[in-house]
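Colleague: I'd like to go through the side-chain contacts in this one. Can you put it up and take me through them?

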Amino acid sequence: LRLDGLSAGVVERALTPTSVALVRGEDVRLEAVTNPRSHAFVVEPLLERTVPVNCRAAIEAATGFAPTAGVSVYPETATVRGPQSTVNAIRSVSTEERVFRNVAGSYDTRLRLRVDSLYGVTVDPPEVIYHISVAPLIERVFENVPLVVYRARPDTLHVTPRFVTLRLAGP
């Protein structure tokens, strides 16, 4: 049923074999419409606006590696277009959910943007670039580090042991 070129509002249309098209029908044709013979459609204006991208991907670094940056997607926003009431309710667009496991190096990959459940809504661009950044863990050992308690009177506090070994690891 073609509704293009109509103004916003409620539109009543007759349902006839010539006004109703079958979608991808193979050797099928519509002979008659018995019930209902007409239908009221709500026609909304199209709206286009920019919303932030919500990344739903995660990184699980390989043993001996750690993530070095927060979530990074480009572009950080997307344009959604569709019926005004639907587009007005969209606060952000999410990427597909993915977990990148055993990551041992930094690279870029593409993630699709999801608007599957929103009928009549399109998103541009359809995908974003997700930057994955990991680095090898480096371990440092600091021996004989003195323990100090600040804002304590020396005559009321005794610290044992007086020295410790610190083992720090990070990217």
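Modeller: A term to begin with: buried means under 20% relative accessible area, exposed over 50%, and partly exposed in between (1.4 Å probe, protein chains only). This is a predicted model, where local features need pLDDT of at least 70 and side-chain atom pairs count only at pLDDT 80 or more, while totals for chains, interfaces and linings use all residues. Residues are numbered from 1 along each chain as its sequence is written, and side-chain values use heavy atoms, with hydrogens and water left out.

Colleague: How many salt bridges are there?

Modeller: Six, where a salt bridge is a side-chain nitrogen of Lys or Arg within 4 Å of a carboxyl oxygen of Asp or Glu.

Colleague: Which residue does Arg56 meet?

Modeller: Glu97, in a salt bridge at 2.3 Å, N to O. Arg56 is in the loop between β3 (46-54) and β4 (57-61), and Glu97 is in the loop between β8 (93-95) and β9 (98-103), 41 residues apart. The strands here are DSSP runs of E, at least two residues, and helices are runs of H or I, at least four, numbered from the N terminus.

Colleague: Is Glu97 buried or exposed?

Modeller: Exposed, because its relative accessibility is 59%. Arg56 is at 39%, so Arg56 counts as partly exposed.

Colleague: What about Glu127, which residue does its side chain meet?

Modeller: Arg110, in a salt bridge at 3.4 Å, N to O. Glu127 has a relative accessible area of 30%, so Glu127 is partly exposed.

Colleague: And Arg167, what does it meet?

Modeller: The side chain of Glu139, in a salt bridge at 3.2 Å, N to O. Arg167 is in strand β15 (residues 163-170) and Glu139 in strand β14 (residues 138-146), so the pair ties together parts 28 residues apart in sequence. Arg167 counts as exposed at 56% relative accessibility, and Glu139 is partly exposed at 49%.

Colleague: Change of topic. How many aromatic pairs in the whole structure?

Modeller: One. Rings of Phe, Tyr and Trp (its six-membered ring) pair if their centres lie within 6.5 Å; planes under 30 degrees apart count as stacked, over 60 as edge-to-face and the rest as tilted. Here Phe100 and Tyr130 have ring centres 5.8 Å apart and planes at 35°, so the pair is tilted.

Colleague: Where do Phe100 and Tyr130 lie?

Modeller: Phe100 is in strand β9 and Tyr130 in strand β12, so the pair ties together parts 30 residues apart in sequence. Both Phe100 and Tyr130 are buried.
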